[in-house]
Amino acid sequence: MGPNSSQQSETVAWVREVNSRWIVHHGLKEHATAFIAHLEDNDTSRLIAACDRAVRMIHACQADEDPKPWFYSGLFSVATAEEAERYLAEHWFTAQCIAPYLPGPCRLGTKEASVGPETEAKIDRIRQTLAELS
């Protein structure tokens, strides 16, 4: 894992713990757990990047807002289009947030007609913050 492997391991463990404790809808917790396991088995460097981004995104959101959309957008921001389709098919908001950063075409992330201005603004803020992490 490199020179900071202990810190990286702690970050991954922390992200797993946070994910396991949060109440989220439509199986997002389970899909995130599966995505983390997939990265652990296939691409440790992306696992570390995903967990680091999840932590950084939590710190980027405003103190009075729910950190979950930020966390999950950071976590999945390293996904390929195929991974996004596999793990985020039921999670429109997160897919919408990461869509511009997916390498390759993806069927996810298209806008829903009923999205209000507050939701659009949050998506834009999350996207902007993800862009700044790159």
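A residue counts as buried when its relative accessible area is under 20%, as exposed when that area is over 50%, and as partly exposed in between (1.4 Å probe, protein chains only). Keep that in mind as we walk through this predicted model, where local features need pLDDT of at least 70, side-chain atom pairs count only at pLDDT 80 or more, and totals for chains, interfaces and linings use all residues. Residues are numbered from 1 along each chain as its sequence is written, and side-chain values use heavy atoms, with hydrogens and water left out.

How far apart are the end C-alpha atoms of H3? They sit 24 Å apart, which agrees with the 24 Å that 17 residues should span at 1.5 Å a residue (the expected span is 1.5 Å times one less than the number of residues). The buried residues of H3 include Leu-47, Ile-48, Ala-50, Cys-51 and Ala-54. Among the elements covering the buried residues of H3 are helix H1 (5-21), helix H2 (28-42) and helix H7 (117-133).

Now for the salt bridges (a side-chain nitrogen of Lys or Arg within 4 Å of a carboxyl oxygen of Asp or Glu). The whole structure has seven of them. In one, Glu-40 and Arg-16 meet with N and O 2.7 Å apart. Glu-40 belongs to helix H2 and Arg-16 to helix H1, so this pair ties together parts that are 24 residues apart in sequence. Glu-40 is partly exposed, at 40% relative accessible area, and Arg-16 is partly exposed too, at 33%.

What about Lys-122 and Glu-65, buried or exposed? Both are buried, and their side chains form a salt bridge at 3.2 Å, N to O. Lys-122 is in helix H7 while Glu-65 is in the loop between H3 and H4, so the pair links parts 57 residues apart in sequence.

Back at H3, Arg-46 is one of its buried residues. Arg-46 makes a salt bridge with Asp-43, their closest N and O atoms being 3.0 Å apart. Asp-43 is partly exposed, with a relative accessible area of 24%.

Methods. Helix = DSSP H or I, 4+ residues; strand = E, 2+ residues; numbered from the N terminus. Contact = heavy atoms within 4.5 Å.
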